[in-house]
Amino acid sequence: MRIEDLAALPDTDLRAALADWKRWRNHVRHAPVMRLRRERCEQADAFIAAIERELSLRSPEGRYQHLQRAIAAVRELEGEATVSLSAYRAARRQLDTISQRVQR
């Protein structure tokens, strides 16, 4: 499973994946010995955050909150004297993605 594929999954599969990733993260944290513990924990954290974000984007309130945060982030970057182009593009891409989700 890739983070990019989460939007195509139904809610029940997302909730099951969320429970699995949380269980895996808990296993990684409490295992007495594990290779690549930090990397595996970071991977689990990334998937958990992405799944929770996807689930919140599926509700009207969640989409509105994400849209407002994205708009605020772009406005904040636009108001600064100097901004890295990559930061502005990332914020703008995030805003465009959420705007498309809201229009669906």
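**View 1. The aromatic pair of the structure.** The structure, a predicted model, contains 1 aromatic pair. Rings of Phe, Tyr and Trp (for Trp, the six-membered ring) are paired if their centres lie within 6.5 Å; planes under 30 degrees apart count as stacked, over 60 as edge-to-face and the rest as tilted. The ring centres of Trp21 and Phe47 lie 4.4 Å apart with their planes at 5 degrees, so the pair is stacked. Distant parts of the chain are linked by the pair, with Trp21 in helix α1 (residues 11-30) and Phe47 in helix α2 (residues 37-57), 26 residues apart. Helices (H or I, at least four residues) and strands (E, at least two) are DSSP runs, numbered from the N terminus. Trp21 counts as buried at 16% relative accessibility, and Phe47 is buried with a relative accessible area of 7%. Buried denotes under 20% relative accessible area, exposed over 50%, and partly exposed the range in between (1.4 Å probe, protein chains only).

**View 2. The surroundings of Arg25.** Arg25 is located in helix α1 and, at 19% relative accessibility, counts as buried. The side chains of Arg25 and Asp45 are joined by a polar contact of 3.1 Å. Such a contact is a pair of N or O atoms within 3.5 Å; within protein, one must be able to donate a hydrogen and the other to accept it, and residues adjacent in sequence count only if both atoms are side-chain atoms. Residues up to four places away in sequence aside, Arg25 touches Cys41, Ala44, Asp45 and Ile48, where contact means heavy atoms within 4.5 Å.

**View 3. Arg23 and Ala44.** Arg23 also belongs to helix α1; at 53% relative accessibility, Arg23 counts as exposed. From C-alpha to C-alpha, Arg23 and Ala44 are 9.4 Å apart in space, and they are 21 residues apart in sequence.

**View 4. The chain as context for the close-ups.** The chain has 4 helices and 0 strands, in the sequence pattern α-α-α-α. Its radius of gyration is 17 Å, well over the 13 Å given by the globule rule for 104 residues, so the chain is more spread out than a compact globule. The radius is taken over C-alpha atoms, and the rule is 2.2 Å times the number of residues to the power 0.38. Of the 104 residues, 27% count as buried.

**Conventions.** Residues are numbered from 1 along each chain as its sequence is written, and side-chain values use heavy atoms, leaving out hydrogens and water. In this predicted model, local features need pLDDT of at least 70 and side-chain atom pairs count only at pLDDT 80 or more, whereas totals for chains, interfaces and linings use all residues.
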